[in-house]
Amino acid sequence: MTDGTISIENPGSPEVRAILERHLAFANAHSPRENVHALDVDGLLDARVAFFGLRVDGTLVAVGALKELDRHHAELKSMHTAEEVRRRGLGAQMLEHLIGLAGTRGFQRLSLETGSMQAFAPARSLYATAGFESCGPFGQYVESSYSTFMTLSLAAGA
């Protein structure tokens, strides 16, 4: 595994926009448009969103965000690792950071929506390995055959 450095990033920067464009392109290539729930730059600038980048040797290679849904529940958003550095543990490093941040901020539950198609199987596997379990729709989501919903309890003793 190659360790990277995780820090707050500006979603509007050109380097971040480039990786977000790849993230959105991937989502749109594998999901019907109405079932793509990835946030764009404006969505990531929302005050309820904490957005991070992971850099290896100064190069941005992964992003991820934590969005507050309410004082007890947060959502994992915009997880994306550049294709050329996948399978090196960088996505897991970002996920671990975001789970830790959610716990530090006092959230009791961390949930996510990802695609149900084969292209999203590596993401679902990563989340399951971290302890996320299948759940029903949450927040503003509705049931869809194109979506998989997962959640992780952060409550003490869980």
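Trainee: Which residue follows helix 4, and what's its phi like?
Mentor: Helix 4 is followed by G131, whose phi is positive, near 105 degrees. Helices here are DSSP runs of H or I with at least four residues, strands are E runs of at least two, and both are numbered from the N terminus.

Trainee: Before we go on, what kind of model is this?
Mentor: It's a predicted model, where local features need pLDDT of at least 70 and side-chain atom pairs count only at pLDDT 80 or more, while totals for chains, interfaces and linings use all residues. Residues are numbered from 1 along each chain as its sequence is written, and side-chain values use heavy atoms, with hydrogens and water left out.

Trainee: Ok, back to helix 4. Which of its residues are buried?
Mentor: The buried ones in helix 4 (residues 121-129) are A121, R124 and Y127. Seen down the helix axis, they fall within an arc of 125 degrees, so they line one face of helix 4. That arc is taken from the directions from the helix axis to the C-beta atoms. "Buried" is under 20% relative accessible area, "exposed" is over 50%, and "partly exposed" is in between, using a 1.4 Å probe and protein chains only.

Trainee: Why would residues spaced like that point the same way?
Mentor: An α-helix has 3.6 residues a turn, so residues three or four places apart point the same way.

Trainee: And which residues are exposed on the other side of helix 4?
Mentor: P122 and T129.

Trainee: What do the buried residues of helix 4 pack against?
Mentor: They pack against strand 4 (73-81), helix 3 (90-104), strand 5 (109-115) and strand 7 (147-153). Contact means heavy atoms within 4.5 Å.

Trainee: Let's zoom in on Y127. What does it touch?
Mentor: Not counting residues up to four places away in sequence, Y127 touches L76, M79, L95, L112, T114, F132 and M150. At 7% relative accessibility, Y127 counts as buried.

Trainee: How far is Y127 from R48?
Mentor: Their C-alpha atoms are separated by 22 Å, and the two are 79 residues apart along the chain.

Trainee: Strand 7 came up. Is T148 in there buried or exposed?
Mentor: T148 lies in strand 7, and at 16% relative accessibility it counts as buried. Beyond its neighbours within four places in sequence, T148 is in contact with L112, E113, T114, G115, S116 and R124. T148 and C135 are 13 residues apart in sequence and 8.1 Å apart, C-alpha to C-alpha.

Trainee: What about H80, where is that?
Mentor: H80 is in strand 4, and it counts as buried at 8% relative accessibility. Leaving aside neighbours within four places in sequence, H80 is in contact with I19, R22, H23, V61, A62, V63 and R86.

Trainee: New topic. Where do D57 and R87 sit?
Mentor: D57 is in the loop between strand 2 (49-56) and strand 3 (59-70). R87 is in the loop between strand 4 and helix 3.

Trainee: What's phi like for those two?
Mentor: For D57, phi is near 50 degrees, a positive value in a residue other than glycine. R87 has a positive phi too, near 65 degrees, and is likewise not a glycine. D57 counts as exposed at 80% relative accessibility, and R87 counts as exposed at 78%.

Trainee: Now the whole chain. How many helices and strands are there?
Mentor: There are 4 helices and 7 strands. Along the sequence the pattern is β-α-α-β-β-β-α-β-α-β-β.

Trainee: How much of the chain is buried?
Mentor: Buried residues make up 47% of the 158 residues.

Trainee: And what are its dimensions?
Mentor: Along its principal axes, the C-alpha trace spans about 35 × 35 × 30 Å.

Trainee: Last one: what share of the contacts join residues at least 24 apart?
Mentor: Among contacts between residues at least 6 apart in sequence, 64% join residues at least 24 apart.
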